[in-house]
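Come along and read my entries beside the structure.

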Amino acid sequence: MTEQEKTEKGQEETRRRTMRHATPPGENHKFVKNDQYFTVCIYTFVLVVASALAIKAIVSFDQTRVFFGGLVRAIGPFLIALLIAYVLNPFVKAMNRLIRKLFPRMKARPSMVLSMILVYILGLGLIITLLVFVLPEMVRNLVDLINQIPAVYQGLMDFLENLQDQFPTADFSSIITMLQDTQSDLMTGLSDIAGDLIPVLYTASVSVVAWVGNFLIALIVSVYMLYGKTSLKRLIKIVLCGFIPREKLPGVKKVMMECNQIFSRYLVSKMIDSFIVGVLCGIFMSILRIPYALLISVVMAIVNMIPYFGPFIGAIPGFIIILCVDPIKAVIFAVLILCLQQFDSLIMEPKIVGNYTGIKPIWIIFAVTIGGKFFGVAGMFLGVPVMATLTYLAELYMRRRLEKKGIAMEEIQ
C-alpha cells in the first residue's frame, strides 16, 4: 500500500468517525457528565467559601469572638456532659468488670445499667460531701483570712517602724507608702463592693442558678451519652466507613483508639493522683496544726493537675498567707509541701499516672505554657494530653514517611 493510499484511508476513517458522533439535524446537543470536572468544581467552590469565611472572621474578629462565645455558651451543657461522660466512662467500665466477676450470670445490659447507677451515686455522694462539709469550712477559712488582714497590716507597719528605729540610716519610707496605698486601694474596693452589694448578689445568684441548671442538664445528658455509647460508636464507624477507603479503616481505628487511651488514661489517672495529694496535704496540715488546712489542701489538689508548675502555684500563695499569720508554721508548711511533692513525683505519680504521654519534660512545659496563654486554666489542665496526642500522630506520620524511603526511625541517631 502506497503512502497516498494510506493517507486516503486515514481521511476516510476520520470522516466516518465524524459522521458517527455528529448530532443529527433537529436534535439538541446533550450534556455529557464528567465526574472528574464535577469533583474539581465542588472542591473549588468549598475552598472559595472557606477562604471567604476565614477572611471575614479575621477582618471582623470582634464579631467572630462574640459569635463563638455565644455558641460555646449555648452548647456549654453538652460540652460539660461530654466531659463528664468521658471522665466517668473508665470508672463505669471498671465497675462493670467487678460486677461481672461477682455476678457472672448477670446479662450485659443490666450489668452496665447497675454500673452506671453505682458510679453516679458515688460521684454525687462525693459532690454532696464537698458541699456539706468542705465548702462551709472553706468559707469560714476565707472569712477568718479576711478578718486577719487589718492585724497583718498593723503587724507589718509595727515591724517596719521597729526596723526604722534600729537602723536610722535606712530608708523604709517607700515600703511604708506602698503598704498605705495598698490599704487605701483595698478599702476603696471594699467600699465600692459594699455600695453595689445588692446588684452583685443578684448577679451572683443568677449566675449560680444558671450554673446549677446547666450542670443538671449536663448530668442528665451525660447519662444518655454513657448509656447510648454503643450507638455513638456505631455512628462514628458509619462516618469513618463513608469517608475512608476500606483498606485504611483498620489503621485509622487503631490510631483513634491509641489517641483515646493516651488522653483518657492521663486525664483520669492525674485526677486520682491530685485527689490523693490534696487529701494527704489536708491530713498532714491538720496534724501539724497549720492554719487554713482545708482551704490550702483543696487548692493544692486542684492545681496539682498542672504538671511541674502546679505545686508551686498552690504552695506560694499558701506560704504567704501562713507567713502573715505564723512564720514558724509557714516554714513547716514549706518543708511539708517539698516532701509531699517529692513523694508524689518520685513514688506515687509514676505508679498511678505512669508515662502515658511519652513526651519529654520540655514539651510538657511548652504545652502548659501555650495552653495557659491561649485557653487559661483549662488549657493548662488539658495542654499535656493534647500535646501527647499530637506528638503521637506526628511521630506516626514521620515513621510512615521514613518507611517509604526505606529508613527505620530507630536507625537515625
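**Entry: the second largest pocket.** I looked up the second largest pocket of this predicted model, and its volume is about 1,200 Å³. I noted what a pocket is: on a 1 Å grid over the protein atoms alone, an open set of points with protein on both sides within 12 Å along at least five of seven lines, where lining residues have an atom within 4 Å of a point. Grid points are joined across faces, edges and corners, and a volume is the space filled by probe spheres set on the points. I found 30 lining residues, of which Y86, N89, K93, K233 and N260 lie nearest the centre of the pocket. The elements giving two or more residues to this lining are α4 (76-102), α7 (197-227), α8 (229-243) and α9 (249-287). These names follow DSSP runs (helices are H or I with at least four residues, strands are E with at least two), numbered from the N terminus.

Which helix gives the most to this lining? I wrote down α9, with 11 residues.

**Entry: helix α9.** I followed α9 for its 39 residues, and it reaches 57 Å from first C-alpha to last, close to the 57 Å expected at 1.5 Å a residue. The expected span is 1.5 Å times one less than the number of residues. Just after α9, R289 takes a positive phi of about 55°.

**Entry: a salt bridge.** I found that D273 forms a salt bridge with K270, with the closest N and O atoms 4.0 Å apart. The term asks for a side-chain nitrogen of Lys or Arg within 4 Å of a carboxyl oxygen of Asp or Glu. Why do D273 and K270 sit about one helical turn apart? Because they are 3 residues apart in helix α9. In total, the structure holds 2 salt bridges.

**Entry: the largest cavity.** I counted 1 cavity of 30 Å³ or more; a cavity is a set of grid points where a 1.4 Å probe fits but cannot get out. The largest cavity holds about 50 Å³ of space. V277, M300, N304, P311, I337, L340, Q341 and D344 line the largest cavity, and α12 gives the largest share of that lining, 4 residues.

**Entry: the nonpolar patch.** I also noted a nonpolar patch on the surface, F275, V279 and F284 among its members. Its largest share, 5 residues, comes from α9.

**Entry: ground rules.** I number residues from 1 along each chain as its sequence is written. Local features need pLDDT of at least 70, side-chain atom pairs count only at pLDDT 80 or more, totals for chains, interfaces and linings use all residues, and side-chain values use heavy atoms, with hydrogens and water left out.

Key
Patch = residues over 30% accessible without salt bridge, like charges linked within 9 Å, V, L, I, M, F, W, Y side chains within 5 Å. Areas by Shrake-Rupley, 256 points an atom, 1.4 Å probe, with all protein chains shown as cover.
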